Amino acid sequence: MTNFDWLNLDHVWLPYTQMKTAGLPVPVVSASGVRLRLADGRELIDGIASWWTACHGYANPHILNRASEQLEKMPHVMFGGLAHEPAYRLASRLASMLPGDLNHVFFSESGSVAVEVALKMAVQFWLNRGERRTKFVSFRSGYHGDTFATMAICDPEEGMHKLFRGVVPEQFVVSLPDSKETCDALDRLLSEKSQEIAAIIVEPLVQAAGGMKFHSAAVLVELKNLCQRHNVLLIFDEIFTGFGRTGSMFACEQAGVTPDVICLGKALTGGTVPLAATIAADRIFNAFLSDDADAALMHGPTYMAYPLGCAVANASLDLFESEPRPQQIRAIEAQLTEELAPCRDARNVRDVRVRGAIGAVQMSSAVDAVGLRARFVEKSCWIKPFGDVIYLTPPFVIEPNDLSKLTRAIVDEVRGK
């Protein structure tokens with residue numbers, strides 16, 4: 001690959017990377033549709049939608065037009081004391097799309113912060129009611145972010161933040177209630193500790209960064225029942241699953257369950273600019289209404305609800321309303337199911353699973369992620385395995401021929417071709 005004078009690691013600290021042994025990343029100069037154009041002229045079909053964000057593909061004309069209009073008018077203005085239409089319209093639209101009474105939208109600029117805000121809401125909900133509850137229940141193989149509070153609710157044994165065990169506050173990280181044994185264990189924990197526990201938090205249906213691990217909608221129903229029985233709040237982290245990725249607009253819809261708080265991000269803006277949201281149900285919001293100023297939610301990111309981000313998010317929602325995303329996702333699901341099936345016969349494959357626009361091939365042991373990624377690039381595919389999983393989460397607008405190139409690349413690798 002051609003070397004460029006700007007491409008060096010003298011000053012850039014890369015994400016999730018041991019910099020001592022890191023090679024140079026792949027230089028990309030533009031993106032359009034489902035393709036990444038490299039600096040040397042090659043093109044890659046993007047199989048992971050830039051960490052699950054670019055659901056409409058890159059450089060969507062409608063999104064770019066709305067972004068350009070807002071950029072010229074007012075890209076940013078503080079949200080404290082000032083109001084602008086893009087944010088208020090976006091909040092109203094999100095509330096109308098979500099189930100139940102999830103009516104109160106707090107904007108932030110990243111998924112980790114959205115989860116932090118949810119945790120803060122949960123603790124203060126109880127404080128405002130005269131109870132001190134500072135613990136959370138989360139689940140093994142879960143991932144909720146890289147900031148300090150979110151690291152504490154990630155899996156401390158298998159997750160990427162195990163180095164911080166004993167540094168971040170210790171929380172209850174348990175098995176998902178997907179069997180009678182695990183349901184009973186969680187029931188006992190809540191019976192014994194409910195006065196300490198502010199909320200349960202879960203990634204509904206799919207634990208993404210924990211290995212694309214799936215669970216059934218029945219698990220979410222069980223969690224809702226347990227939370228109601230023990231008077232504990234329920235938070236759904238739909239940063240990954242929200243906006244169609246699992247086959248429904250929001251994963252919680254498949255269980256018919258409305259959480260007390262839901263976190264959204266990633267595909268909220270179609271992968272164009274950063275934006276996230278934490279949306280609370282009426283009873284959570286109402287607990288902050290008081291003549292006491294200290295009962296208010298004291299949080300306010302600098303770029304909270306910035307007009308450019310909100311305008312782009314509104315444009316993304318326009319596309320979900322005007323274009324056949326549900327049909328496209330169903331088609332992707334069917335194609336992934338058919339074309340990844342041959343991987344099941346490979347001796348080193350442990351499982352193949354598909355849900356919505358997610359396809360995962362789980363290997364029997366950790367893969368050589370760097371080497372695999374390089375071989376996929378040689379096949380003109382951008383696929384980024386991690387742990388023991390090779391997965392696809394393509395943009396919803398991908399054409400069947402392009403998706404077949406991605407699935408064929410994976411099948412050929414795992415079958416040793």
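Mentor: Start with a cut-off: buried means under 20% relative accessible area, and exposed means over 50%. Keep in mind that this is a predicted model.

Trainee: Is Cys310 buried or exposed?

Mentor: The limit for buried is under 20% relative accessible area. Cys310 has 0% relative accessibility, so the residue counts as buried.

Trainee: How many disulfides does the structure hold, and which cysteine sulfur is nearest to that of Cys183?

Mentor: The disulfide count is zero. Cys183 is in no disulfide either. Cys183 is buried, at 14% relative accessible area. Its nearest cysteine sulfur lies 12 Å away, in Cys227.

Trainee: On to charges. How many salt bridges does the structure hold?

Mentor: Count a Lys or Arg side-chain nitrogen within 4 Å of an Asp or Glu carboxyl oxygen. The total for this structure is 17.

Trainee: Which residue forms a salt bridge with Arg89?

Mentor: Arg89 is exposed, at 51% relative accessible area. The closest N and O atoms are 2.3 Å apart, and the partner is Glu85.

Trainee: How many residues apart are Arg93 and Glu321?

Mentor: Their side chains meet in a salt bridge, 3.2 Å from N to O. Arg93 is in helix α3, Glu321 is in helix α9 (residues 307–322), and the pair links distant parts of the chain. Arg93 is buried at 18%, whereas Glu321 is exposed at 58%.

Trainee: Which residue forms a salt bridge with Glu157, and which residues do shared partners join into one network?

Mentor: Glu157 is partly exposed, with a relative accessible area of 49%. The closest N and O atoms of its bridge are 2.1 Å apart, and the partner is Arg165. Salt bridges with shared partners make one network of Arg35, Glu43 and Asp402.

Trainee: What does Ile410 contact, leaving aside neighbours within four places in sequence?

Mentor: Contact here means heavy atoms within 4.5 Å. On that basis the list for Ile410 is Leu340, Cys343, Val361, Phe376, Ile383, Ile390 and Leu392.

Trainee: Which residues of α11 are buried, and against what do they pack?

Mentor: Helix α11 covers residues 369–378, and its buried residues include Gly371, Leu372, Phe376 and Val377. The buried residues of α11 pack against β3 (43–46), β15 (381–382), β16 (389–392) and α12 (400–414).

Trainee: What is phi for Ser380?

Mentor: Most residues other than glycine have a negative phi. Ser380 follows α11 and lies in the loop between α11 and β15. Ser380 counts as partly exposed, at 35% relative accessibility. Its phi is positive, about 65 degrees.

Trainee: And what is phi for Trp51?

Mentor: Trp51 is in helix α1 (residues 49–52). At 38% relative accessibility, Trp51 counts as partly exposed. Its phi is positive, near 55 degrees.

Trainee: Which residues does Leu319 touch, not counting those up to four places away in sequence?

Mentor: Leu319 lies in helix α9. At 3% relative accessibility, Leu319 counts as buried. Its contacts are His56, Asn60, His62, Ile63 and Arg325.

Trainee: Last one. Which residues make the nonpolar surface patch of about 430 Å²?

Mentor: Take Leu163, in the loop between α5 (148–152) and β6 (172–174). Leu163 is exposed, with 73% relative accessible area. The patch is made by Phe148, Leu163, Phe164 and Val167.

Technical notes:
Residues are numbered from 1 along each chain as its sequence is written. This is a predicted model: local features need pLDDT of at least 70, side-chain atom pairs count only at pLDDT 80 or more; totals for chains, interfaces and linings use all residues. Side-chain values use heavy atoms; hydrogens and water are left out. Buried means under 20% relative accessible area, exposed over 50%, partly exposed in between (1.4 Å probe, protein chains only). Helices (H or I, at least four residues) and strands (E, at least two) are DSSP runs, numbered from the N terminus. Patches are made of residues with over 30% relative accessible area and no salt bridge: like charges are joined within 9 Å, nonpolar side chains (Val, Leu, Ile, Met, Phe, Trp, Tyr) within 5 Å. Accessible areas come from the Shrake-Rupley method with a 1.4 Å probe; for residues, only the protein chains shown count as cover. A disulfide is a pair of cysteine sulfur atoms within 2.5 Å.
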